[in-house]
Amino acid sequence: MNVKALTQINWPCGKKAAVEKFLAHRTKLCTALLDLPCLDTLGLPGRVLILTVCAAGIGGTFQYGYNLTIINAPTLFIQTFANETWLERTGAPLEGSTVALLWSFVVSVFSLGGLAGALVAGPMAIRLGRKKSLLLSNLFVLLAAVLAGCSRRAGSVEMVMLSRFLAGVNSGVGMSVQPMYLGESAPKELRGTVALTSASFTALGLVLGQAVGLRELLGTEGRWPLLLASNAVPGLIQLLLLPWAPESPRYLLIDRGDQGACVRALRRLRGREDVSGELKELLAEQAAVRGEAPKAPWELLRSRAWRWQLLSVLVLSSAMQLCGNDSMYSYASSVFHKAGVPSDLIQYVTIGTGSCELITAVTCNLVIDRVGRRKLVMGGYSLMAAWAVVFTVALSLQDRLSWMPYLSMACIFAYILSFGIGPAGVTGILPAEIFDQVTRPAAYMICGSLLWSNLFLVGMAFPFLVDGLGPFCYLPFFAVCVCSALYVCFFLPETKAKTFLEISAEFNKRNFPAPVPEKSWTNSEGNKSTLLPPELALAHDEPHSSSQACPGRWGEPSRPQNAFQAQLAGTSSSGPGPASADVQTRRGQVRHQRLLQMLLVLGMGGTLLVGFQVSVIASPSQDIKRFINETWFERHGTSLRHETLTLLWSTIVSIYCVGGLLGGLWSGPLVARYGKKKAFLGSDVIVMAAALLVGFSEAAGSFEMILLGRFLYGVSAGISLNVHGPYLGEVSPKKLRGFVVTTASVFLSLGKALGQIMALRALLGSRWPLLLALGGVAALLQLLLLPLFPESPPYLLIQKGDREGCLKAMKELWGEGPHHAEMEDLLREAAAARTARSLGVLGVMTAPALRKPLGVTVLLILSLQLCGLIAVE
């Protein structure tokens, strides 16, 4: 019965008033419901998009986290099962080392399966589509569950291994396809939030895997086959839910060419009919890649157009596994035990580590589209580096101070929280954002292969790191975190709220740097010149009238000379020009930022290493003398006399100066032939060779390796001291030259302080090979970062005759503003250098014109060494 019929009934007096009141309230309620904003107007994803996220996640990255942790609880049970099975077959039990090897293979074969899954994920995503690839991968996990569930009854440990391999294949496909699927299905404004749910589902899988493995649930000896087979449940849930979700709109339009299906998928995902704006972006992307077939991984590796995108994926995907987050779980049980947690409660506390990663993954999911990708990744790795140092100190002192185990426990939680806030989630969605439709599957194949290979590598190598480095086993992970944070800071652009074409344009600036054209023009006297471009021409030419045209900036139309001169001065006759105050401010900020980056890179492998090696050798003197004496006794059966031992130690200390003398003599020819940047890089190679020698000297039982390592350190120091200061002076503008050059002495003092700190007994003072080899880390950082900066502009122009390279280096270092004064100075210096011949050491000493500068230099150098400062230190 409708409302009109209700009002026409002849109700009794009391009931009629009640009915009218009820109808009035009903009308107000319906009006209020109609006025409520829909999900789309609130900026929230539609129901179909939420269904897609949940269905893809439960059988995708959730399986990776779940399968990673369910294997921990039944460790002893599976080892016992393997031993009993072998005893029944052969009549003899397995040895302890064989059982450990068999168990490590059961654990690590999951990574090999993940590698295989990552390799097939790309072709599957291209041929079958994103959704069908996820559905098909569930067949692997269902078969794995059947094998694991029946393994004990069949008495076959091989079935457990095969089950783990197939579960790894499923996880490999899910880790590669799910972020791709969600990144292509999400709107631009929510792409980071939606794609980052992959990390949230991974963390959720970690926590649930730890919870299901409790003794109260499936973590008992009789139920471990059910525990390993429980990964079938998420697979079945995905098989039920995912068919109701649409395929990726980008795949339907760009790969399949089905615009109608793409529009239908967009309408379902967005919950609205008007999707014309997003369809326009997809059509533009389709036009950009039209006619191109999907790329294979080897084509991506050879293509210059994707060089920086691929390098970013390689660095961050490797760092995700090499940062030591998964290894932190290995330390958790022992640290909790030393902190006083009862053994039967450790498994419950360990669940807290997984919960930390889940909490930060959800938090990152909520803030990523506000904060941005770069800040989260850079901040995460920076915090991890800081906590790695604190964790190393805490592990070193936990047997001496009663409260140190609590600090170690706090570091575990802090390290995992820092990992979850950025690197855990952003790394997985990065290929979906920086690669287009035809290269994305190949990028995920490379990304997934690196992820699983490094997971296998860390799983196999970490026990040896613990045995070899002890409490300092996290120093390699510290280096990985620092390198990753520096790479993101310097080279990774922000992708927040940008289309794929806008992100590609950002990377193309690095993939295809604009060449500096060489123009010729006629100056005011009618003479044709190719030496200076118009923007560097001197401003003292006579101005032309406003009707006469003069050359403008490259690629711009000609403009009146008076306007051009006004632009050089920073103003225009008609108002603010391109060189106005705000533009000049931005250029100055960019210039100073680039110079600061170069100062840091030059300093860490330059005079900082010199100061570090000067101060670090004093602390382990007694340990090294003892090692020399023991080595000599093992070789000859007699101990060294005190005088001989003192002579050997003096040689180890002073041979550094002999190497420095040789390096100083070589530095001049090296710089003249190869340039200052290549001389620095060659010096880094020498430092790394020296670090390997001194690092393995104790293991090899050879004090001669210390002598040779110290000599090579000295050669590198001689080169660095002669190259660092001049290089800084040549890459800095004239107004900042004094400030920039003095940073060399700042880094020298900083190196001395760091050497004294690291030589403390609480840090590396008792592990002298590692202490002496620590300089190799700074050299490796410089070897990786310095090639990204330009060579000295004076070297390029004066010694190489490369005007184009010189101008390009000046623009990169000092911004895009006019550099006519600097170029004029360099041209005068080049003209003077062409008329003069190169002088050797004897020529400099005998030249009358250089006698006074040489005398002043010699006097200052002698005063620096003979003033007694080194003796005081």
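**View 1. Helix H19 meets helix H20.** In this predicted model, Cys-364, Val-367, Ile-368, Asp-369 and Val-371 of H19 touch Arg-373, Lys-375 and Leu-376 of H20. Contact here means heavy atoms within 4.5 Å, and helices are DSSP runs (H or I, at least four residues) numbered from the N terminus. H19 covers residues 346-371, and its axis comes within 7 Å of the axis of H20, crossing at roughly 120°. Axes are lines fitted to C-alpha atoms, for helices over the stretch in contact, with angles running from 0 to 180 degrees between N-to-C directions. That angle makes H19 oblique to H20; angles under 35 degrees count as roughly parallel, over 145 as roughly antiparallel, 65 to 115 as roughly perpendicular and the rest as oblique. By class, the contact of H19 with H20 has 5 nonpolar, no polar and 3 charged residues. Here Ala, Val, Leu, Ile, Met, Phe, Trp, Tyr, Cys and Pro count as nonpolar, Asp, Glu, Lys and Arg as charged, and the others, Gly among them, as polar.

**View 2. Helix H20 also meets helix H22.** Follow H20 (residues 373-397) to H22: their axes come within 9 Å and cross at roughly 140°. On the H20 side you will find Arg-373, Leu-376, Val-377, Gly-380, Tyr-381 and Met-384, and on the H22 side Pro-423, Val-426, Ile-429 and Glu-433. This contact divides into 7 nonpolar, 1 polar and 2 charged residues.

**View 3. The largest cavity has a volume of about 360 Å³.** A cavity is a set of points, on a 1 Å grid over the protein atoms alone, where a 1.4 Å probe fits but cannot get out; lining residues have an atom within 4 Å of a point. Points are joined across faces, edges and corners, and the volume is the space filled by probe spheres set on them. Of the 31 lining residues, Met-175, Thr-202, Met-320, Ala-424 and Leu-451 lie nearest the centre. Helix H22 (residues 423-434) gives the largest share of this lining, 5 residues.

**View 4. Helix H29 packs against helix H33.** H29 (residues 621-636) and H33 (residues 703-731) have axes 9 Å apart, at an angle of about 135°. Among the residues in contact are Phe-627 and Trp-632 of H29 and Phe-703 of H33.

**Notes for all views.** Residues are numbered from 1 along each chain as its sequence is written, and side-chain values use heavy atoms, leaving out hydrogens and water. Local features need pLDDT of at least 70 and side-chain atom pairs count only at pLDDT 80 or more, while totals for chains, interfaces and linings use all residues.

How values were computed: Helices (H or I, at least four residues) and strands (E, at least two) are DSSP runs, numbered from the N terminus. On a 1 Å grid over the protein atoms alone, a cavity is a set of points where a 1.4 Å probe fits but cannot get out, and a pocket is an open set with protein on both sides within 12 Å along at least five of seven lines; lining residues have an atom within 4 Å of a point.
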